[in-house]
Amino acid sequence: MQALAWAMAGCAGLAGGLAVARDPGARRARVLLARRREAEWRPVASATVRALFDRRREWLCAPVAALLAVLGGSVLPLLAGAVAVPLVRRWLRRRERRREREKAAQAVTALCGAVVGELRAGREPGQALLAAARNAGALGAAEPAVLAAARFGGDVPAALRQASAGPGLDGLAGMAACWRVAVNGGAGLAAGLARLESALRGERRRREELRAQLAGAWSTVVVLALLPVLGLGLGAALGADPLRVLLHSPGGLVCLATGGLLEAAGLFWASRIVRAGEAE
């Protein structure tokens, strides 16, 4: 009798579980929870993978050098790959720093516009800066000092000028000057910051136009860099085996060293000319 009762209870539990499993509401809840967990973990995983890839992109030179070493039967491509890794890392870091400077400059421009909007909405200058800088992220490492000065009535222009020493934050010096003039001379802070925002946007627009005009020059530099690779491919297609000639014969080694030096000098000179034009 007791066994029959236990069997009936087990059947009832199993039936209840099947009913819950078949219940569309419960199934929908499970699907929603699964999607929510996937939506929560997917950005974290993608950001982690992207960060690891961004930090290790220079090591892509290693498999390329290993492939060339296998094809050419020499260790010289491995040595060239070892030399290329720090050079590529330096170039990637320089490009990342330039992107961070541009992002910071855009954040400063947006901060000026946000402060102007808060001032025209009737806020006091300190309150306007606090409200605008909350989500702007344009003050860099000096953000606590600037916000503390704005909240407690400190020297906001001095804090802004100190923050302008960060990369890409030069516009904060102009913001500090506008703040100083408005406090000491009684001029309108909103009007000064609006003109500063317009000037920063104009500078950014001119920089983008100059970069667009120099895109052709950068394309020429890239083509010059790829010409030796194209020559090696054409030689291999014609059956000349250029890698073995360059890596295993005295004349080929001399040509390889001379061509590598000339290639590096040409790329350096062309890049310097284009960067000088971009700086202007």
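Arg 201 forms a salt bridge with Glu 197, with the closest N and O atoms 3.1 Å apart; a salt bridge here is a side-chain nitrogen of Lys or Arg within 4 Å of a carboxyl oxygen of Asp or Glu. The structure holds six salt bridges. This is a predicted model, in which local features need pLDDT of at least 70, side-chain atom pairs count only at pLDDT 80 or more, and totals for chains, interfaces and linings use all residues. Residues are numbered from 1 along each chain as its sequence is written, and side-chain values use heavy atoms, with hydrogens and water left out.

**Salt bridges**

- Arg 201 and Glu 197 lie four residues apart in helix H9 (residues 189-213), so about one helical turn separates them; helices (H or I, at least four residues) and strands (E, at least two) are DSSP runs, numbered from the N terminus.
- Glu 197 is buried, with a relative accessible area of 16%, whereas Arg 201 is partly exposed at 40%. Buried means under 20% relative accessible area, exposed means over 50%, and partly exposed lies in between (1.4 Å probe, protein chains only).
- Helix H9 also holds Arg 204 and Glu 208, which are four residues apart and therefore separated by about one helical turn. Arg 204 forms a salt bridge with Glu 208, the closest N and O atoms being 3.2 Å apart.
- Arg 204 is partly exposed, with a relative accessible area of 31%, and Glu 208 is likewise partly exposed, at 44% relative accessibility.
- A salt bridge also joins Arg 244 to Asp 241, where the closest N and O atoms are 3.4 Å apart. Arg 244 counts as partly exposed at 42% relative accessibility, and Asp 241 is partly exposed with a relative accessible area of 36%.

**Packing of helices H4 and H5**

- The axes of helix H4 (residues 76-120) and helix H5 (residues 125-133) come within 8 Å and cross at roughly 135 degrees. Axes are lines fitted to C-alpha atoms, for helices over the stretch in contact, and angles run from 0 to 180 degrees between N-to-C directions.
- H4 and H5 are therefore oblique to each other; angles under 35 degrees count as roughly parallel, over 145 as roughly antiparallel, 65 to 115 as roughly perpendicular and the rest as oblique.
- The crossing of H4 and H5 is right-handed, a term used if the near helix is turned clockwise from the far one by less than a right angle.
- On the H4 side, Leu 111, Ala 114, Val 115, Glu 118 and Leu 119 meet Pro 125, Ala 128, Leu 129, Ala 131, Ala 132 and Ala 133 of H5, where contact means heavy atoms within 4.5 Å.
- By class, this contact of H4 with H5 comprises ten nonpolar, no polar and one charged residues. Ala, Val, Leu, Ile, Met, Phe, Trp, Tyr, Cys and Pro count as nonpolar, Asp, Glu, Lys and Arg as charged, and the others, Gly among them, as polar.

- Pro 157 is placed in helix H7 (residues 156-163) and counts as buried at 8% relative accessibility.
- Not counting residues up to four places away in sequence, Pro 157 touches Ala 176, Trp 179 and Arg 180.
- Pro 157 and Leu 172 are 15 residues apart in sequence, and their C-alpha atoms are 9.1 Å apart in space.
- Ser 164 is found in the loop between H7 and helix H8 (171-185), and at 12% relative accessibility it counts as buried.
- With residues up to four places away in sequence not counted, Ser 164 touches Leu 169, Asp 170, Leu 172 and Ala 173.
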